[in-house]
Amino acid sequence: MAVIVSVKNLTRVFDVSKPWLNRVLERLPKRKLTAVSDVSFEIEENTVYALVGESGSGKSTIGKMIVGLLPPSEGTVEIEGVNLATETDADTIERVRSDIQMIFQDPYASLNPRWKVGDIIEEPAVANGDDTDGLAEKLLEQVGLSASDVRKFPHEFSGGQRQRICVARALASEPNLIVCDEPTSALDVSVQAQVLNLMSDLKDSFGLTYLFISHDLTVIQHMADRIGVLYLGRLVEEAAPADLFGVPQHPYTQMLLEAAPRMDGFGREVEPPEGEIPDPINPPTGCAFHPRCPLAIDRCSKERPQLEVKSNARVACFRAGERAI
Amino acid sequence: MTEPVLSVRDLVVEIPTRHGLLKPVDGVSYDIARGEILGVVGESGAGKSMTGNAVIGLLDRPARIGEGEIYLNGTRIDNLSLHELRRYRGKQIGMVFQDPLTSLNPLLPIGDQLTETIQEHLGVSNSEAHNRAVAALDEVGIPAAKERIGSYPHEFSGGMRQRVVIALALCAEPSLVIADEPTTALDVSVQAQIIALLKRLCRERGMAVMLVTHDMGVIAETADRVAVMYAGKLAELGPVREVIGAPRHPYTDGLMGSTPLASKGKKRLHQIPGNMPRLGQLPTGCAFHPRCPYTQPKCKEDPGPRLKTCDGRAACWFPLDEPQATKGVA
């Protein structure tokens, strides 16, 4: 299968220093926050690649760098073989850009309240100079709303319906790749089921590729063909859902799966994981997970494990595959 | 069974509007016993938070308690004046809100907020209040509680802040704690820590806990009994194993089925058609009938049966599995 997105050694550093004058007066050094460091992965056509991690793990930053909302500090993002940051041919840039769309987490904040739904949905097509005659009506019906909704405003819709409008807008420019940043986190379970089913159907009928960003392991397990687990800006494990949920290799993945609540876990006594995600401005030396890791050895605090292929997965751990429990 | 800590009888919360009286909570009855965790689940707008707020007397005007009674340890508390209610709030009922940042005062060190509550309710000396505050922080697992008592809320992480909020809710040793989505804003690993903490405190102190959440997994692991709410009414109430394992109400069944956990391996998730009706536009009969796969003519005319006692399971004319299981439903 063709690779549609190829991410190589992607790194993003944010400058979180205090303002210039404060730094001079208080003699403070510059402070850098490494949100994403050295992340590489590939997404194949017509598959769902999921990024999962806790807050501060850099999953949204990666999503934004892939669609081009943020420039990478280092590394490259190639979409359909084109690196948008260095490409100079305007036609190629335009063609590739119109192939990428994004769906955001909050359907209340991502629709302009003063625009009619029809205008919102047509905007990407208008920007491309495409024909918009009847487009909004057609898309609304495809996402399960009625064609007469084009004249309504976003406030007339519920959260789930708004997220459908966001999906319709993302489809307007006929993209190949849709980056979904927590598309169902703001929705109730029954509405979430509707939106996830819709997204699966559209993937099959339009041959879409999704980069699916979420913190919800159950949603990821349902949707993904391949999962990347992030911890403090680094990819710690990458595997297919069956392998990741069946035999998690990295101790962080094991901890995450263990801590996630289960529907059949009546009265289950979870030994809660120790500690919290460390400060990304001063990350621990060596493996960033070692202060919380039950398997940590001396080597973990000195040396950083590289992502290595282990059976069907890629894992960054010296003791990959061993279980603490 | 001994007397329940909290007993809610036919609670109706109403909001007068220009378009008539809306009832976000309509005829809800339940008990919570000592040391028991009651989970309240439902979608947004089902009235779960409203029920909790009514119990602690935090309904915002114009919402008000229209009918029904609320008893705390045998004393009726729904008709108390604001002044009398202050003695109960914080002292007998503790509350943990969803967002740990907005439920703490950003301008006061956490120690001041704790000692204020302790002195208000327990009337102890300054130094005693200080010691109790340190002990409370210690109990919820804040490392180096003695040093951190002078810290401000922004100096804590989200999980630690939620621990402070729990310490604040528990420092006057209430007999009932209402936790309204206590882990929704937190990460999975921190959520597991907070849930374990709540369970431990509930067991050690014999508190009654009302846990409001929309996360079925959290409910399954934490609660002893579950109340499922739909459009302001209780749809189903029963022991957690039975409600989640073998739902009787078609709504509970649909809700459980639509979680990705339950549809393991299936390509499509089960989905309930349509949306929850708005309060002003509730259908006649059972509020769930337009979305229910088992609707019969009776459902469209007669309002759904009310759960009268805590033994009744599902508020449905035709509950799933055992059609004859209508005991306790009037």
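Biologist: Why is A:N46 called partly exposed?

Modeller: A:N46 has 17 other C-beta atoms within 10 Å. A residue is buried at 20 or more such neighbours and exposed at 12 or fewer, with partly exposed in between, the C-beta atoms being placed from the backbone. The count of 17 therefore makes A:N46 partly exposed. Please keep in mind that this is a predicted model, where local features need pLDDT of at least 70 and side-chain atom pairs count only at pLDDT 80 or more, while totals for chains, interfaces and linings use all residues. Residues are numbered from 1 along each chain as its sequence is written, and chains are lettered from A and ligands numbered from 1 in the order in which they are written.

Biologist: What makes the phi of A:N46 worth a remark?

Modeller: Most residues other than glycine have a negative phi. The phi of A:N46 is positive, near 60 degrees. The residue belongs to the loop between strand 2 (32–44) and strand 3 (48–52) of chain A; strands here are DSSP runs of E with at least two residues, helices are runs of H or I with at least four, and both are numbered from the N terminus. A:E80 also has a positive phi, about 50 degrees, and is not a glycine. Its loop lies between strand 4 (74–79) and strand 5 (82–83) of chain A. With 17 C-beta neighbours inside 10 Å, A:E80 counts as partly exposed.

Biologist: Is B:P273 buried or exposed, and how do you know?

Modeller: B:P273 has 11 other C-beta atoms within 10 Å, so this proline is exposed. You will find B:P273 in the loop between helix 10 (250–257) and helix 11 (297–301) of chain B. Its C-alpha atom is 8.3 Å from that of B:C292, a residue 19 places away along the chain.

Biologist: Why is helix 6 of chain A called roughly parallel to helix 7 of chain A?

Modeller: Helix 6 (residues 159–171) and helix 7 (residues 189–206) of chain A pack at about 15 degrees, with their axes 9 Å apart. That angle makes helix 6 of chain A roughly parallel to helix 7 of chain A. The cut-offs are under 35 degrees for roughly parallel, over 145 for roughly antiparallel, 65 to 115 for roughly perpendicular, and oblique for the rest. The axes are lines fitted to C-alpha atoms, for helices over the stretch in contact, with angles from 0 to 180 degrees between N-to-C directions.

Biologist: Which residues of these two helices meet?

Modeller: From helix 6 of chain A, A:G159, A:G160, A:Q163, A:R164, A:V167 and A:L171 meet A:V191, A:Q194, A:V195, A:L198, A:M199 and A:L202 of helix 7 of chain A. Contact here needs C-beta atoms, placed from the backbone, within 7 Å. By class, the residues of this contact are seven nonpolar, four polar and one charged. Nonpolar covers Ala, Val, Leu, Ile, Met, Phe, Trp, Tyr, Cys and Pro, charged covers Asp, Glu, Lys and Arg, and the others, Gly among them, are polar.

Biologist: What makes helix 10 of chain A mostly covered?

Modeller: Seven of its nine residues are buried, namely A:P251, A:Y252, A:T253, A:Q254, A:M255, A:L256 and A:A259. The cover for the buried residues of helix 10 of chain A includes helix 8, strand 9 (226–231), strand 10 (234–239) and helix 9 (241–246) of chain A, together with helix 7 (188–205) of chain B.

Biologist: How many residues of chain A are in contact with chain B, and which element gives the largest share?

Modeller: In chain A, 32 residues are in contact with 35 residues of chain B. Helix 7, helix 8 (217–223) and helix 10 (251–259) of chain A each give two or more residues to that side. The largest share, seven residues, comes from helix 7 of chain A. By class, the chain A side has 14 nonpolar, twelve polar and six charged residues.
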